[in-house]
Amino acid sequence: MPTLLHVDSSPRADSVSRDLTQRYVAAWKKQNPSGTVIERNVALEPIPFVTESWIHAVYTDPAARTPEQRKLLEVSDTLVDEFLAADILVLGVPMWNFGVPAPFKAWIDQVTRVGRTFQYTESGSKGLAKAKRAIVMTARGGWYTQDSPYSAFDQQEPYIRTILAFLGIPNVDVIHAEKQNMGAENAAAACKAAQESVAVLTTAAA
Ligand SMILES: Cc1cc2nc3c(=O)[nH]c(=O)nc-3n(C[C@H](O)[C@H](O)[C@H](O)COP(=O)(O)O)c2cc1C
């Protein structure tokens with residue numbers, strides 16, 4: 001049975017990115033009635049930051065870890081288990097200060113684990129994700145795609161694509177709802193276009 005990992009990172013109840021991910025996940029559930037959905041909102045359930053002790057624990061042989069080190073890695077282990085169980089990832093990511101929200105980055109830092117989700121080889125790094133596909137929904141106050149003069153400011157989509165590729169997920173669709181702070185008309189039109197893109201993706205998957 002397939003497993004979908006749904007990670008949101010907006011704390012806002014009327015979040016645009018959360019609305020988009022929910023639409024996709026609802027359609028996926030209909031298409032995969034016996035599938036499993038794992039839900040996380042990393043903005044509502046803060047994820048710990050990496051510390052020196054955490055780094056030391058990660059680079060200690062698992063068999064030699066102390067009870068304290070195992071405890072320290074519990075959250076990371078859970079998040080990694082969820083990540084590795086997934087056949088598909090659905091990520092909701094607002095643009096904050098041209099990048100991803102800090103809680104989303106904290107989730108990435110807990111999930112990106114040497115020996116578990118990636119490894120180094122003689123020919124470079126290798127991602128160990130089972131999922132080969134991710135759907136990413138973003139929401140942005142401004143506009144960075146197509147002929148935007150601000151496209152170079154976008155540190156969000158390139159970062160997400162890079163880290164997913166590093167973890168072994170090459171097939172990534174990104175749907176943007178842009179112009180959310182550029183007037184009600186622009187915002188509504190961008191939401192409608194993004195919702196239509198989600199509908200196209202879910203139809204294609206059926
Ligand atoms: C802390 C914060 C930082 C933001 N930074 C940016 C930014 O750098 N560029 C941008 O276009 N919009 C920015 N915005 C606007 C959000 O991207 C926009 O409101 C979006 O709809 C948020 O996603 P959500 O609706 O899923 O919460 C920012 C909003 C907040 C709250």
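**Strand pairing and burial in a predicted model**

In this predicted model, V7 has L91 of strand 3 as its bridge partner.

Biologist: What makes strand 3 and strand 6 a pair?

Modeller: Strand 3 (residues 88–94) runs parallel to strand 6 (residues 133–139) over seven bridges, and at least two are required. Within this pairing, V90 stands opposite I135, and V93 has T138 as its bridge partner.

Biologist: Why are strand 2 and strand 7 said to stand at the edges?

Modeller: The open sheet of five strands has the order 2-1-3-6-7. Strand 2 (36–41) and strand 7 (171–177) each have a single partner strand, so one side of each lacks a neighbour in the sheet. From one strand to the next, the twist averages 15°.

Biologist: Why is strand 3 called largely enclosed?

Modeller: A residue is buried if 20 or more other C-beta atoms lie within 10 Å of its own. Seven of the seven residues of strand 3 are buried, so the rest of the structure largely encloses this strand. I88, V90, G92 and P94 point one way, L89, L91 and V93 the other way, and all are buried.

Biologist: What makes S17 and P94 part of the ligand's surroundings?

Modeller: A C-beta atom within 6 Å is the criterion. The ligand is surrounded by 17 residues, and S17 and P94 are among the closest. Helix 1 supplies the largest share of this shell, three residues.

Definitions and conventions
Residues are numbered from 1 along each chain as its sequence is written. This is a predicted model: local features need pLDDT of at least 70, side-chain atom pairs count only at pLDDT 80 or more; totals for chains, interfaces and linings use all residues. Helices (H or I, at least four residues) and strands (E, at least two) are DSSP runs, numbered from the N terminus. Axes are lines fitted to C-alpha atoms, for helices over the stretch in contact, and angles run from 0 to 180 degrees between N-to-C directions. A residue is buried if 20 or more other C-beta atoms lie within 10 Å of its own, exposed if 12 or fewer, and partly exposed in between; C-beta atoms are placed from the backbone.
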